[in-house]
Amino acid sequence: MSDSAMQISQVHPPRSRRLLKLILLGAAVVALVALGGWFNPAFLTPENGLAILRAAAMSGIVAMGATFITISGRFFSLALGQTAMFAGVFMAVLMAQGLPFGLAVAVMLLAVVAIGAVQGAIISMGANPIITTLGAGALLAGLAGLTTGGRNIAIESAVVEWIGNGRILGVPTQTWAFLVSVAVAWWVINKTRFGRETILIGANRATAGASGLNVSRITILVFIIASLAAAMMGVFEAAQFSKARVAGFGAVDFDVIAAVLIGGTAIQGGKGSPFRAALGAVFIATLQNYMLLLAWSSGVRTLITGAFIVLIVAGFHIAGRRKGA
């Protein structure tokens, strides 16, 4: 076994500890659903359940990309909401200029890859990830605002309409895309060399570099992956409302960070699971949906969501210490 392979095996937490986190998070989701249904029967209707899954899919897809960044030890990207907004707006502008949907998406994805690559390259040279991504987010928001004059752009396309509001076997298209993204993210992280190298870099960047891993290349790739995940959300968001919006993405980064943290991904890097991040997104969507049914204000919803984040993260920490973490 090579030195890097041995080091990668050492940074994986014991299977029992990973399973415990998954069980705790799953139990939290079940308990929340049970309590919500007990106090409000409308919460448990099939249509409301599909609405929760659609909402979870929108932030959950982005959380899959953010998981790669966090596992690599680069904390979070604070430009994912703006990237999603830019992707939808850019696609809509291209379609308004006469490009067919497929070509417009292809050109938009090339732009998004460049956006992620530039951020990753700057951060790999030693720049602070938070400051870099905040600046990138402001740049993208300003560019979208200048391009559209601050106005939403209508999209007229039967294909786009189906992508946003169609259903396969009764389940929204966004939910299917979410499930596929979770499966792909899990496979990449757990079954590919790139995934193992991402974990090693997050666990110990200096050791990874000394082992011959190209830290800069992996940093650039994880930011590209996260940017593409945000772009996917941007397409679904624009398709769902048949228009690209230049506002309303302010809560995306918060929901994504909440999903990743509740999923037990280590902020310092080296540990994380797409499955748990997906459950975190479902938990946040379920909680938000129930509070919306109660007509609580956005301030109260944010306060309660933050409190749950603290409680669950603290629970993971205590459980980990009792297991000898």
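I looked up Arg217 to start, and at 38% relative accessibility it counts as partly exposed. The model I am working from is predicted.

**Entry 1: the Arg217 pairing**

I asked which side chain Arg217 meets in a salt bridge. The partner is Glu197, at 3.3 Å from N to O. I then checked where the two sit. Glu197 belongs to helix 9 (residues 193–203) and Arg217 to helix 11 (residues 215–241), so this pair ties together parts 20 residues apart in sequence. Is Glu197 buried or exposed? I find Glu197 buried, because its relative accessible area is 6% and the cut-off for buried is under 20%. I also noted a network of salt bridges here, which links Arg193, Glu197 and Arg217.

**Entry 2: other salt bridges**

How many salt bridges does a search of the whole structure find? It finds four. One of them joins the side chains of Glu47 and Arg167, with N to O at 2.7 Å. Glu47 is in helix 3 and Arg167 in strand 2 (residues 167–168), so the bridge ties together parts that are 120 residues apart in sequence. I looked up the exposure of both ends. Glu47 is partly exposed at 48% relative accessibility. Arg167 is partly exposed too, with a relative accessible area of 37%.

Next I took Arg245. Its salt bridge is with Glu237, and the closest N and O atoms are 2.1 Å apart. Arg245 is partly exposed, with a relative accessible area of 25%. Glu237 counts as buried, because its relative accessibility is 11% and buried means under 20%.

I moved to Thr67, which is placed in helix 3 (residues 46–71). Thr67 is buried, with a relative accessible area of 1%. Which residues does Thr67 contact, leaving aside neighbours within four places in sequence? I listed Ile189, Val260, Thr265 and Ala277.

Ile189 sent me to helix 8, where it is one of the buried residues. Others buried in helix 8 include Thr173, Gln174, Phe178, Ser181 and Val188. Helix 8 runs over residues 173–191 and has 19 residues. I checked its span from first C-alpha to last: 26 Å, close to the 27 Å expected at 1.5 Å a residue.

**Entry 3: the largest pocket**

I wanted a volume for the largest pocket, and about 710 Å³ of space lies in it. It is lined by 26 residues, and those closest to its centre are Ala55, Met58, Ala251, Asp255 and Gln288. Which helices each supply at least two residues of the lining? I noted helix 3, helix 11, helix 12 (252–262), helix 13 (274–293) and helix 14 (298–322). I sorted the lining by residue type as well. The lining divides into 14 nonpolar, seven polar and five charged residues.

**Entry 4: the chain overall**

I closed with whole-chain counts. The protein chain has 14 helices and four strands. It holds 325 residues, of which buried residues make up 50%.

Methods
Residues numbered from 1 in each chain as written. Predicted model: local features only at pLDDT ≥ 70, side-chain atom pairs only at ≥ 80, totals over all residues. Heavy atoms only, no water. Buried < 20%, exposed > 50% of the residue type's maximum accessible area, 1.4 Å probe, protein only. Contact = heavy atoms within 4.5 Å. Expected span 1.5 Å × (residues − 1). 1 Å grid on protein atoms, 1.4 Å probe; cavity = no way out; pocket = protein on both sides within 12 Å on 5 of 7 lines; lining within 4 Å. Points joined across faces, edges and corners; volume = space filled by probe spheres on them. Nonpolar A, V, L, I, M, F, W, Y, C, P; charged D, E, K, R; others polar.
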